[in-house]
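Reader: I am new to this structure and would like to learn how to read it one feature at a time. Could we look at it together, with the general idea given before each case?

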Amino acid sequence: MRLDAVPLENRFVRLEPLAPTLEDEVRAALDCDPASWDIMVAAAYGPYFDDWWHAALRAMAQGTRIAWAVRRMDDGAVVGTTSLYEIRPDYRRCEVGSTFYRPEARGGPVNPSCKRLLLGHAFDGGAVRVEILTDAINPGSQAAIRKLGARDEGVLRKHKITFKGRVRDTAQFAILDDDWPGVRARLDARLAAFG
C-alpha cells in the first residue's frame, strides 16, 4: 500500500495536504463551534490549534498520517480538515477521520465529497481496509458513517481519552476493498443528486 500526500479534487472540494502556507486559513476554519469540539479526542480551535497543527505535521513527516485542508470549490474557502491516519502499509489499512467542518459546510456535498476522495485514494493506493471511528455518544456521526455503507463493527469500550479528560467509548466501522465498489456507487449517486 502506498498513500501519497497529494491534492485530491472533485467538483465540490479540493483537499490540499497541510503545509505552512495553509496554516492561517486552516486556523481560521477550525476556530469556531467550541461545543462541537467537546467530544473530540483532540481539539484544534483557539488555544489548541498550535499543538494540533504541529502534531499533524509531525505525523505527516513520519508517514502515519496525511492531513488535508478542505477547500470548498464554489467560493475557494477553507472550511475544515480531514485525514487519512493510522496508516499501516504492512497491514494495508488506515483510518479516515480527524474531520471537522465549519457549521455552514455541514449537511451538503462537502462531507460526501471528502469521503469519496479519501476512500478512493486509500483503495487506489492498495488499502484492503479503511476504518472510520467515532465517539459512541455521537449518533449523528454514526448515522453519517452508516449512510456511507460502512459496516458497524461494534464498540471499543474505554478506547480513548478526550482532551477534556473523558474516557471515551468508540464506535468502530470499516469499509473493505470488497465493499468499495458499492460504497463508491452510493457516494457517486449522492454527489450527482447535488446537481
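Reader: In which strand is Glu 86 found, and what is its phi near?

Author: This is a predicted model, and in it Glu 86 is found in strand E4, which covers residues 78-88. The general idea is that most residues other than glycine have a negative phi. Glu 86 has a phi near 50°, a positive value in a residue other than glycine.

Reader: Does Glu 86 count as buried, partly exposed or exposed, and why?

Author: A residue is partly exposed when its relative accessible area falls between the 20% under which it would be buried and the 50% over which it would be exposed. Glu 86 has 42% relative accessibility, and therefore it counts as partly exposed.

Reader: What can be said about the phi of Lys 158, and in which strand does Lys 158 lie?

Author: Lys 158 is not a glycine and yet has a positive phi of about 45°; its place is in strand E7, made of residues 151-161. With a relative accessible area of 68%, Lys 158 is exposed.

Reader: Let us turn to how helices pack. At what angle do the axes of H4 and helix H6 cross, and how are H4 and H6 oriented to each other?

Author: The idea is to compare the directions of the two axes, and angles over 145 degrees count as roughly antiparallel. The axes of H4 and H6 (residues 180-192) come within 10 Å and cross at roughly 150°, so H4 and H6 are roughly antiparallel to each other. The crossing in which H4 passes H6 is left-handed.

Reader: Which residues make the contact of H4 with H6, and how do they divide into nonpolar, polar and charged?

Author: From H4 the contact is made by Pro 112, Ser 113, Lys 115, Arg 116, Leu 119, Gly 120 and Phe 123, and from H6 by Trp 180, Val 183, Arg 184, Leu 187, Asp 188, Arg 190 and Leu 191. Seven of the residues in this contact are nonpolar, two are polar and five are charged.

Reader: How should I read a nonpolar core, and which residues in the largest one touch the most other members?

Author: In the largest nonpolar core, which has 35 residues, Val 13, Leu 15, Val 70, Leu 84, Val 110, Leu 119 and Val 130 touch the most other members. Helix H4, which spans residues 110-124, gives the most to this core, with seven residues. A second, separate core has 19 residues, among them Ala 29, Met 60, Ala 67 and Ala 69.

Reader: Where is Met 60 found, and which residues are in contact with Met 60?

Author: Met 60 is found in helix H3, and with a relative accessible area of 18% it is buried. Apart from its neighbours within four places in sequence, Met 60 is in contact with Ala 5, Pro 17, Leu 18, Arg 65, Ile 66 and Ala 67. The C-alpha atoms of Met 60 and Tyr 85 are separated by 8.8 Å, although the two residues are 25 residues apart along the chain.

Technical notes. Residues numbered from 1 in each chain as written. Predicted model: local features only at pLDDT ≥ 70, side-chain atom pairs only at ≥ 80, totals over all residues. Heavy atoms only, no water. Core = buried A, V, L, I, M, F, W, Y, C linked by side-chain atoms within 4.5 Å. Buried < 20%, exposed > 50% of the residue type's maximum accessible area, 1.4 Å probe, protein only. Helix = DSSP H or I, 4+ residues; strand = E, 2+ residues; numbered from the N terminus. Axes fitted to C-alpha atoms, helices over the stretch in contact; angles between N-to-C directions. Parallel < 35°, antiparallel > 145°, perpendicular 65-115°, else oblique. Left-handed = near helix turned anticlockwise from the far one by under 90°. Contact = heavy atoms within 4.5 Å. Nonpolar A, V, L, I, M, F, W, Y, C, P; charged D, E, K, R; others polar.
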